[in-house]
Amino acid sequence: MGKVKKKIALIFGITGQDGSYLAEILLKKNYIIHGVKRRSSSANTERIDHLFDSLNFTNKNFYIHYGDISDGTSTLNIINKIKPDEIYNLAAQSHVRVSFDIPEYTADITALGALRILEAIKILKLKKTKYYQASSSEMYGLVKKRKSLNEKIHFHPRSIYGVSKVFAYHTAVHYREAYKIFACNGILFNHESPRRGPTFVTKKIVQGLVRIKNGQQKKLSLGNLYAIRDWGHAKDYAISMWKILQYKKPEDWVIATNKEYTVKKFVTMVAKKLEISLKWKGKGLNEKAIDTHTGKIIIDVNSKHFRPSEVDFLKGDFSKAKKLLKWKPALSTDELIDDMIDFEISNN
Ligand code: NAP
Ligand code: F7E
């Protein structure tokens, strides 16, 4: 019997939260992984250092290439060299708040980056290459009714990040329809993990409260405490990306937990697990939480964390993925918090 040819995956955004989990999953499935890393002044490979030996390159199934999706030529060259079976586009300027400060840059990376990859697949006539687009619940933006959102709900983005993701979403659909490329969108709701970037709200809360508990930080300043999000674990969501590309047809999928929490509830859950007793008082910019043991204010609200336009409510209906992909989240938001706290305590 001949050897089964290993599948080749190319991951843009390999150094990010999701890229690192996806690489782990695909390596276990016996894929050869190629990841694209942009040049930076520091190594920035903390999330993937356990997967490859950056000095000796001992993992023969894992390769890193310098590239940048703002650079169409290098993007095309990498895809041409590797001719992957599957391309996962997880690369983005992914911070919604930051997209208000650098809108043009965000659109270049988050919107046009996707176009550059799809155009390369088209130009190179890679008929067998499948494409995954990291679409986002931020595309829904302003929702009319506070109900679970599915694949049929229309988009009304509230930031250039959201607008850019809508562009990338429709670009994937367009290349599927016009050029028969196997292009899929995973519309992923918020997903977090110990590897989440420190300025996203869940990581900021867990890290902040652990440090406050340890006496290393005095106060945590937050923005809108009443935004509602559907928070899952990134490890579960990375599995869905692979499943989406294994489905018989290229389609678009909502991935979520279908549970809702306010930012304030998330704070309360983390504080309770850390045995910090909170008393909330005040409203709006004057809202604060006091540690009842010390009498000190440990949480306040700072307008610098507000967004010019907010997405107030996001909760996802993942019934299509559950039925057809047999995907569902293995970990609850409560278990996600446990994982994030355990990591923070052992790595602080
Ligand atoms: P992340 O941690 O911010 O990772 C983003 C990745 O993109 C990083 O590897 C980053 O590299 C890379 N990148 C940024 N600009 C690039 C460029 N010009 N060229 C090449 N690579 C570039 O984000 P994540 O949470 O893993 O999310 C993965 C994807 O899913 C993103 O597209 C995000 O917008 C989308 N998404 C995320 C969520 C969520 O809740 N996490 C939900 C829906 C959709 P550096 O390490 O060099 O910065
Ligand atoms: O904010 C509120 C904030 O920045 C969540 C990205 O992965 O998920 C993420 O986008 C909520 C917002 O995530 C602070 O106003 C309050 O309502 O953690 P976040 P996000 O904006 O939902 C989507 C699905 C993506 O696609 C994105 O790539 O929390 N909030 N106080 C705060 N947010 C932050 N960051 N910092 C605060 O102090």
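1. On its own, ligand 2 has 700 Å² of accessible area, and the protein covers 95% of it; areas come from the Shrake-Rupley method with a 1.4 Å probe.

2. The model is predicted: local features need pLDDT of at least 70, side-chain atom pairs count only at pLDDT 80 or more, and totals for chains, interfaces and linings use all residues. Residues are numbered from 1 along each chain as its sequence is written, chains are lettered from A and ligands numbered from 1 in the order in which they are written, and side-chain values use heavy atoms, with hydrogens and water left out.

3. Around ligand 2 there are 23 residues, the closest being Ser94, Ser136, Lys204, Arg307 and Glu310; a residue is near if one of its heavy atoms lies within 4 Å. A backbone N or O atom of Ser94 is 2.7 Å from an oxygen atom of ligand 2. For a polar side-chain atom of Arg196, the distance to an oxygen atom of ligand 2 is 2.8 Å.

4. Helix 6 (201-213) and strand 8 (220-222) are the elements that give two or more residues to the shell around ligand 2. Helices (H or I, at least four residues) and strands (E, at least two) are DSSP runs, numbered from the N terminus.

5. Ligand 1 has 24 residues around it, with Thr15, Arg38, Asp68, Ser94 and Tyr161 nearest. The side chain of Arg196 has an N or O atom 3.2 Å from a nitrogen atom of ligand 1. The protein buries 90% of the 890 Å² that ligand 1 exposes when taken alone.

6. Helix 1 (17-28), strand 5 (130-136) and helix 5 (160-179) each supply at least two residues of the shell around ligand 1. Strand 5 gives the most, with three residues.

7. Helix 6 also meets helix 10 (residues 333-347): their axes come within 10 Å and cross at roughly 45°. Axes are lines fitted to C-alpha atoms, for helices over the stretch in contact, and angles run from 0 to 180 degrees between N-to-C directions.

Note on methods. Polar contact = N/O pair within 3.5 Å; in protein donor to acceptor, adjacent residues only side chain to side chain.
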